[in-house]
Amino acid sequence: MVNQAGDGTSPQIAPEISSLNLPPATYRDLPEPLPLKKVIGPSVLLLAGSIGSGEFVLWPYISTQTGLALVWLATIGILTQYYLNMEITRYTLATGETAVTGFTRLWKPWSWLFIIMAVIPWMWPGWATGSSTALTYAFGLSNGAVIPITIASLVLIGIVLTVSPVVYKTVEKIQFFLVALILVFMLYMIFGLLNGSSWTALLAGFTTEIPKIPSAIGSIPTALLLGAIAFAGAGGVMNLAQSNWVRDKGLGMGAHLPKIVSPITGQETTSASIGYFFPQDEANMRRWQGWWRVADREQFITFFVLGLIAILLFMMLAFTYVGVGGTAQNFDFVRLLGESLNAKVGTWAGPAFWFTGVAVLLSTNLTVVDMIGRIVADIVKANWLRDSHAWTESRLYFLVVWLMVIFGSVILLAGVSQPLVLLVIASALNGLVMFVYSVLLIKLNRGMLPKAIGLGGVRYVAVMWAVVFYGGFSIYLIITQFGKLF
């Protein structure tokens, strides 16, 4: 066994992990891998966040503008994110540190840059606004009820997170419940709402309509298209939060690091989340292979398979009941889709869809507030407040959570309350962020981690593809937007 300084001696420094910008990582043995049923959780949180962005809103809206000609683009988008998510997970399984902490080890300024890249694209309360808007559709409330309901939901999220003894466990339980509700409606779509023509159109989208892809891309506003690509799955720094959840779930070396707890009901720790590394001996490599297999299985089944099914089902639903070329703008297509379900299926179908939308978008907003709090608190504690006893990571987390609640409320009271506009702003910015960290993941997992556990083979090709994929669309967005200024 590796010396872990339990006998009063100094721990052994792991030279593989750069200590140029942060304290060195020390050696510690990997814990034994857990079975799949005890590992499921981080990808469920990511799925909850992803369904409410691209799956429920952006891609169905696109299907009402272009039909199902872009299903390949959605499929490639979420498959690319699966590979990115596993590279984010790789570093945390190996060290217990978050991916952003790893980026900071490469270059100090990534610390504050990722705070900017986390906060600016995600501070817009589009998901909470969408949830409240769907609720007004279900109960027949006026549009004036959206803002007070949205602010109340933001405050409720803040309170729930604040009083949770161990925040991850509470968020996981809530998200399991909300995702279960969403899965029930997905089954209803498969067996009760979609018909033969729906499935025929989907098959055509994957086959005979491939030549229509260029013209379909050209008919979609650039920011909306990049946003949908970024949100074919989770999107932006939400994918990076996977490493925070893996750590707090206690997977791999994350089992050795502290968890975020309530400063009111939990037992805090003042230490920063500086990680460990395991020696490359036979026992630890066996454990590593076990952790990698079970984490990959959880990510593939929960995030990729269920996420892709959700995208395709909601696209088919919008295509079937709204059609192509409708006049509904912005979030109105969600109202129009529910009304069409009422007229063509039964008066229960529309409310069922809208209530699902409430669950979908509320789960996403909970994920957004939680992940921003985690990412910012982790960066600030690890980089600038490592030695502070007053500012624990938990206290920083709750400060950020309530700042998000306050800012979201101010944005709404200022009159910016259109859900689709807010979501497009967030998603387009996140496409640029994904290009940046795709490059950094290559540097981190191929340049810092040893070859035996690092990035290579097909996965290396997949991440290189992510660089091209997100980079190309980001450059296209910049060129087209700047072109309008001249």
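**Close-up views of a predicted model**

**View 1. Helix 12, from end to end.** Helix 12 (residues 237-249) runs for 13 residues and reaches 19 Å from its first C-alpha to its last, close to the 18 Å expected at 1.5 Å a residue. Keep in mind that this is a predicted model.

View 2. The buried residues are V237, M238, N239, L240, A241, Q242, S243, N244, W245, V246, R247 and D248.

**View 3. Helix 8 crossing helix 13.** The axes of helix 8 (residues 167-193) and helix 13 (residues 282-321) come within 11 Å and cross at roughly 50 degrees.

**View 4. Side by side at the crossing.** Helix 8 brings L183, F185, M186, M189, I190 and L193 to the contact, while helix 13 supplies L306, I309, A310, L313, F314, L317 and Y321. Sorted by type, the residues of this contact are 13 nonpolar, with no polar and no charged ones.

**View 5. Stepping back to the chain.** For orientation, the secondary structure comes to 18 helices and two strands. Of the 486 residues in the chain, 60% are buried. Among contacts with a separation of 6 or more, 84% are between residues 24 or more positions apart.

Technical notes: Residues numbered from 1 in each chain as written. Predicted model: local features only at pLDDT ≥ 70, side-chain atom pairs only at ≥ 80, totals over all residues. Heavy atoms only, no water. Axes fitted to C-alpha atoms, helices over the stretch in contact; angles between N-to-C directions. Helix = DSSP H or I, 4+ residues; strand = E, 2+ residues; numbered from the N terminus. Contact = heavy atoms within 4.5 Å. Nonpolar A, V, L, I, M, F, W, Y, C, P; charged D, E, K, R; others polar. Expected span 1.5 Å × (residues − 1). Buried < 20%, exposed > 50% of the residue type's maximum accessible area, 1.4 Å probe, protein only.
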